[in-house]
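Open the model in your viewer and keep the selection tool ready. We will go from stop to stop, and at each one you will select something and look around.

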Amino acid sequence: MSNTEIRPPRRAVRAAAVGFAVVMVYVIAGALQILVWNPLAAVPGATLGQIRADMARADESLSANGVVTWAGIGLLLAGVILLVATMRRTSRVGPVVAAYLVLLVFAAPGHFFVSFGPGMSLADTFMISGADHSPWGMALYLVSAASLLALIVLIIRAARAASAGTE
């Protein structure tokens with residue numbers, strides 16, 4: 001590499017790679033929560049095939065379309081952040097981390113929205129609550145809550161650093 005070429009900042013790219021991986025794990029866990037873990041926890045002793053068959057007989061389904069769309073949008077946005085962090089010549093770590101934290105914060109309401117239909121289908125078929133029966137849904141919401149707290153801390157630290165620099 002010649003001296004005239006500028007390499008992307010390694011710390012920002014590493015932060016983006018970690019952020020992408022965390023979002024990827026979140027959306028995979030979210031999809032599994034909605035389509036596999038929650039149905040199995042809601043109907044103990046039944047296989048996923050039996051649950052789907054009973055739901056089909058009741059004219060209900062665990063429609064994966066919304067879940068796959070939610071996961072795809074999350075991964076696409078995470079990939080865009082990774083691409084931008086890689087391509088930029090002067091990426092700072094703070095904004096990259098903040099961007100991924102924002103994705104994780106908004107993943108929770110998205111997860112709730114896409115899980116509502118399948119949860120209600122389970123409830124209607126098996127005469128149970130439409131709420132999460134598996135603990136993994138709460139774990140996802142806790143990750144989003146922790147991301148919100150981390151984002152708030154990051155914003156406060158950035159504001160303090162900016163005000164200290166202007167004084």
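Predicted model: local features only at pLDDT ≥ 70, side-chain atom pairs only at ≥ 80, totals over all residues.

A salt bridge here is a side-chain nitrogen of Lys or Arg within 4 Å of a carboxyl oxygen of Asp or Glu. Residues are numbered from 1 along each chain as its sequence is written, and side-chain values use heavy atoms, with hydrogens and water left out.

**Stop 1: the salt bridge**

How many salt bridges does a search of the whole structure find? It finds 1. Select Asp-54 and Arg-57. Their side chains meet in a salt bridge, at 2.2 Å from N to O. Side chains of opposite charge can pair when their charged atoms come close. Asp-54 and Arg-57 are 3 residues apart in helix α2, so about one helical turn separates them. Helices are DSSP runs (H or I, at least four residues), numbered from the N terminus.

Now check how open each partner is. Buried means under 20% relative accessible area, exposed means over 50%, and partly exposed lies in between (1.4 Å probe, protein chains only). Asp-54 is partly exposed, because its relative accessibility is 29%. Arg-57 has a relative accessible area of 65%, so Arg-57 is exposed.

**Stop 2**

Ala-53 counts as partly exposed at 32% relative accessibility.

Next, select Met-55 in helix α2. Is Met-55 buried or exposed? Met-55 is buried, with a relative accessible area of 1%. Contact means heavy atoms within 4.5 Å. Not counting residues up to four places away in sequence, Met-55 touches several residues, including Leu-62, Pro-118, Leu-122 and Phe-126.

**Stop 2: where α1 meets α2**

Show helix α1 (residues 10–42) and helix α2 (residues 48–57) together. Two packed helices are described by the angle between their axes and the distance between the axes. The axes of α1 and α2 come within 10 Å and cross at roughly 90°. Axes are lines fitted to C-alpha atoms, for helices over the stretch in contact, and angles run from 0 to 180 degrees between N-to-C directions. Angles of 65 to 115 degrees count as roughly perpendicular. The helices α1 and α2 are therefore roughly perpendicular to each other. On the α1 side, the contact is made by Leu-35, Val-36, Pro-39 and Leu-40. On the α2 side, Leu-48, Ile-51 and Arg-52 take part.

**Stop 4**

Asn-38 is buried, with a relative accessible area of 5%. Leaving aside neighbours within four places in sequence, its contacts include Leu-122, Asp-132 and His-133.

Move along helix α1 to Ala-42. At 11% relative accessibility, Ala-42 counts as buried. Beyond residues up to four places away in sequence, Ala-42 touches Leu-122, Ile-128 and His-133.

**Stop 3: two positive phi values**

Select Asp-59, in the loop between α2 and α3 (65–87). Its phi is near 60°, a positive value in a residue other than glycine. Most residues other than glycine have a negative phi, and most peptide bonds are trans. Asp-59 is exposed, at 70% relative accessibility.

Jump to Met-127, in the loop between α4 (93–126) and α5. Phi of Met-127 is near 55°, also positive. Met-127 counts as exposed, at 71% relative accessibility.

**Stop 4: helix α5**

Select Ser-144 in helix α5. Ser-144 is buried, with a relative accessible area of 4%. Among the residues it touches, not counting those up to four places away in sequence, are Tyr-26, Leu-104 and Ala-108.

Finish with Leu-148, in helix α5 (residues 136–166). Leu-148 counts as partly exposed, at 40% relative accessibility.

Terms used:
Parallel < 35°, antiparallel > 145°, perpendicular 65-115°, else oblique.
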